[in-house]
Amino acid sequence: MDHKKIVELLDREAIRDCLYRYCRGIDRADEAALRSSYWPDAYDNHGAYAGSAEGFIEFALGVFKTEPRNIHQITNVLIEFIGPGEAAVESYFTALQRGPDGGRTIRQVLLCGRYCDLFQKREGEWRIAERTVVYDWLEEQSPQTASEIERFGLRRPIGVSHPDDPVYALRKRRIPPRARK
């Protein structure tokens, strides 16, 4: 395999990692992960919000304070390189969002759609430069009235926000160099 093809494969994987980091950032209220998916000068058109990515991140962090439950999944990632250091990326998403609607009423919504992103590679790193969220499905659902502890029962641990989610403890584990043999 030639060098150019290997670089393209590595670039594709870096773009996918960025998309997955975005999902962790939203779902775990992980500000660092969310910020690392956008360039500082990026633009985001998210439907309920359109403007700078910085503004979207602040908007999202404001929602995080309400302790919502979010689950985002990404599939069908199509990456088309359109120039040196630029890629048009379409990825399908499914998002289940549960949280207060600005008041005290809990809403639960299933959203399906596509992220239409312009990715740029700067100083060897791929991030979102422009995002438009296209909505293909929206379904209002009746939220459960029982508490999460009642609903989940013995299924523990329950996912929580950064830094308390179990994934962050896992990331801190390190195998000493001598034990890696």
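1. At 0% relative accessibility, Ser37 counts as buried, where buried means under 20% relative accessible area, exposed over 50%, and partly exposed in between, with a 1.4 Å probe and protein chains only. Ser37 lies in the loop between α2 (31–35) and β1 (38–45); helices (H or I, at least four residues) and strands (E, at least two) are DSSP runs, numbered from the N terminus.

2. On provenance, this is a predicted model, in which local features need pLDDT of at least 70 and side-chain atom pairs count only at pLDDT 80 or more, while totals for chains, interfaces and linings use all residues. Residues are numbered from 1 along each chain as its sequence is written, and side-chain values use heavy atoms, with hydrogens and water left out.

3. The side chain of Ser37 has two polar contacts to backbone oxygens, that of Leu34 at 2.8 Å and that of Ala33, which lies 3.1 Å from a polar atom of the Ser37 side chain. A polar contact is a pair of N or O atoms within 3.5 Å; within protein, one must be able to donate a hydrogen and the other to accept it, and residues adjacent in sequence count only if both atoms are side-chain atoms. Leaving aside neighbours within four places in sequence, Ser37 is in contact with Cys18, Arg21, Tyr22, Arg127 and Ile128, contact meaning heavy atoms within 4.5 Å.

4. Helix α1 (3–27) has 25 residues, which at 1.5 Å a residue should span 36 Å, and its end C-alpha atoms are 36 Å apart, which agrees; the expected span is 1.5 Å times one less than the number of residues. The buried residues of α1 are Asp11, Ile15, Cys18, Leu19, Tyr22, Cys23, Gly25, Ile26 and Asp27. His3, by contrast, is found in α1 but counts as exposed at 62% relative accessibility, and the C-alpha atoms of His3 and Glu13, 10 residues apart along the chain, are separated by 16 Å. Just after α1, Ala29 takes a positive phi of about 55°.

5. The same check on helix α3 (residues 53–64) gives agreement, because its 12 residues should span 16 Å at 1.5 Å a residue and its end C-alpha atoms are 16 Å apart. In α3, Ala53, Gly55, Phe56, Ile57, Ala60, Leu61 and Phe64 are buried, and what covers these residues includes α1, α2, β1 and β2 (50–52).

6. Strand β1 pairs with two strands, and two strands are taken to pair if DSSP finds at least two bridges between them. With β6 (residues 125–141) the pairing is parallel, over four bridges, and Tyr43 has Glu130 as its bridge partner in β6. With β2 the pairing is antiparallel, over three bridges, and Asp44 stands opposite Gly51. β1 and β2 form a hairpin with four residues between them, and Gly47 in the turn has a positive phi of about 85°.

7. The largest nonpolar core has 33 residues, of which Tyr22, Leu34, Tyr38 and Phe119 touch the most other members. α1, β1, α3, β3 (69–83), β4 (86–100), β5 (106–122) and β6 each supply at least two residues of this core. Such a core is a set of buried Ala, Val, Leu, Ile, Met, Phe, Trp, Tyr and Cys residues joined through side-chain atoms within 4.5 Å. Leaving aside neighbours within four places in sequence, Tyr22 is in contact with Leu34, Ser37, Tyr38, His46, Phe56, Tyr115 and Arg131.

8. The structure holds nine aromatic pairs. The rings of Phe56 and Phe59 have their centres 6.4 Å apart and their planes at 35°, so the pair is tilted; rings of Phe, Tyr and Trp (its six-membered ring) pair if their centres lie within 6.5 Å, with planes under 30 degrees apart counted as stacked, over 60 as edge-to-face and the rest as tilted. Being three residues apart in α3, Phe56 and Phe59 are separated by about one helical turn, yet Phe56 counts as buried at 3% relative accessibility, whereas Phe59 counts as partly exposed at 40%. Tyr22, Tyr38, Tyr49, Phe56, Phe59, Phe93, Tyr115 and Tyr135 form one aromatic cluster.

9. Val109 has its place in strand β5 and counts as buried at 10% relative accessibility. Not counting residues up to four places away in sequence, Val109 touches Ala95, Leu96, Gln97, Leu138, Glu139 and Glu140. The C-alpha atoms of Val109 and Arg12, 97 residues apart along the chain, are separated by 31 Å.
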